[in-house]
Each structure stands twice: as C-alpha cells, then as structure tokens.
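Dear colleague,

Please find below the structure that I am handing over to you. My notes on it follow directly after.

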Amino acid sequence: MCADDRAHEIAPRSGVAFTLDKGDRLTVIDPRGEQVADLLAFNRHDLDEVVSSGRTLDYASRIYLTTGDALYSNRSNVLLRIVEDTVGRHDFLLTPCSADTFRIIYGDAQPHRGCFGNLAAALAPFGIAPDRIPVAFNCFMNVVIDGATGTLSVEPPLSRAGDHITFEAVTDLVIGLTACSALQSNNGRFKPIHYRVNPYTTGGQKS
Ligand SMILES: [Zn+2]
C-alpha cells in the first residue's frame with residue numbers, strides 16, 4: 001500500500017513499464033530509504049530513440065545530474081527533464097543489474113534476472129527487445145568515483161524515506177522503471193519503489 005493514494009508501488013526486485021504523454025510529470029519516490037530505481041525512456045512513436053547516458057553526460061559535462069538537467073536521447077533530443085530532486089545523487093554510468101551481474105560480481109549460481117530481466121519483461125508488450133535496453137538512469141544510486149584513478153564504488157544511496165525525484169516528459173514516452181535487485185546498490189536490503197504520474201494540465205484540464 002502507498003501512503004499517497006495516487007502513487008503506484010513496484011514490489012521489491014520487480015519492474016513495470018507504462019506510457020507518459022508529453023508534459024506529464026513522473027515522480028519516483030523512495031518510500032523507505034536507500035533503494036535504487038532504474039529508469040528507462042523510449043520515444044513512444046519511434047522506439048529506436050532511447051535515453052542515452054553517453055550523450056547526456058557529455059552535454060552536462062558532469063556525471064551527477066539533478067534539478068534542471070536534461071536526459072538526452074541517442075539522437076540528442078531531450079526526452080526527460082529533472083524538475084525536482086530531494087536527493088541530488090543518482091547514477092547514469094552503470095547498466096541495469098542482471099543475471100550476469102549476479103553471476104560475475106556476486107558469484108550466484110542461480111542468479112536473479114535483476115533490473116535488466118525485469119525491464120525486458122515489462123517492456124516486451126511495447127515491442128521493445130532486450131538488446132535495445134541501454135544504460136538506465138539509476139535514481140538514488142550512489143556511485144562514488146575516485147577522481148585520480150577512476151575507480152568506481154557503489155555506496156549506500158543517500159535517499160531517506162520519502163525522498164523523490166520528478167521528471168517532466170518532453171515528448172510522448174514509454175517508461176521502464178524498477179525497484180533494483182542488487183544487494184550492493186541498496187545497502188543490503190530489497191525495498192519497494194513508489195511512483196506517481198501527474199498529467200500535464202492547462203487550466204485544470206488534461207490537454
Ligand atoms: Zn538493479
């Protein structure tokens with residue numbers, strides 16, 4: 001159950017996909033704290049256009065994105081804009097966790113399908129094949145970089161219960177969103193994620 005009755009819950013270690021119309025606002029909420037949510041965005045009218053970490057970080061000249069920053073596509077169009085952010089630390093470097101992540105990094109013999117598998121399953125009904133899944137924008141994921149060596153370390157998220165990040169859809173989108181399945185990313189505990197969509201309105205009417 002969500003405290004906010006307009007919010008949807010993503011169960012621990014699962015994922016969903018849904019559409020946004022241009023102008024809609026998507027708020028991703030960490031209801032308990034220290035929980036990552038992987039976010040993907042595709043152009044709903046041309047699924048070959050997808051959010052691009054490489055272009056976004058290049059144009060921002062920064063790896064930590066927050067309020068006011070844009071998420072660009074592989075075609076350098078803005079798909080989403082961050083309009084509110086109570087945390088200020090998210091990751092856009094690392095791919096969604098996957099069965100291979102758990103096999104290679106954790107040594108799991110029977111690995112969970114991870115965010116990648118959850119995203120692939122949720123996006124399949126929209127006609128999006130697994131090989132089209134790029135680096136996700138990892139809401140609340142805290143990847144710390146050693147500036148001298150470039151060493152990455154995945155640290156506990158800085159998010160506390162109720163923290164959130166809000167995106168505005170700049171075009172019509174298909175969104176994939178998870179409650180991340182990797183122990184290290186979530187300080188050792190799998191928790192739900194909540195999200196809310198506020199439709200674009202003008203004068204109180206959905207346009
Ligand atoms: Zn994950």
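Strand β6 (residues 78-85) pairs with β10 in the antiparallel sense, over five bridges. Two strands count as paired if DSSP finds at least two bridges between them; strands (E, at least two residues) and helices (H or I, at least four) are DSSP runs, numbered from the N terminus. Within this pairing, R81 stands opposite E168 in β10.

This is a predicted model, in which local features need a pLDDT of at least 70 and side-chain atom pairs count only at pLDDT 80 or more, while totals for chains, interfaces and linings use all residues. Residues are numbered from 1 along each chain as its sequence is written.

Strand β10 (residues 163-169) also takes part in a second pairing: six bridges join β3 (residues 25-30) to β10, and these strands run antiparallel. Here V28 has I165 as its bridge partner in β10. Strand β10 is mostly covered, with five of its seven residues buried; a residue is buried if 20 or more other C-beta atoms, placed from the backbone, lie within 10 Å of its own, exposed if 12 or fewer do, and partly exposed in between.

These pairings belong to an open, antiparallel sheet of six strands in the order β1-β12-β3-β10-β6-β5. Its edge strands, β1 (8-10) and β5 (70-72), each pair on one side only.

Leaving aside residues up to four places away in sequence, L40 touches V51, L119, I133, A136, I175 and G176, a contact being a pair of C-beta atoms, placed from the backbone, within 7 Å.

As to confidence, the protein chain averages a pLDDT of 94, and 95% of the residues score at least 70; pLDDT is the predictor's confidence in each residue, from 0 to 100. Over residues 203-207 pLDDT stays under 50, and the model has five contacts beyond four places in sequence for this stretch.

Yours sincerely

Definitions and conventions
Two residues are in contact if their C-beta atoms, placed from the backbone, lie within 7 Å.
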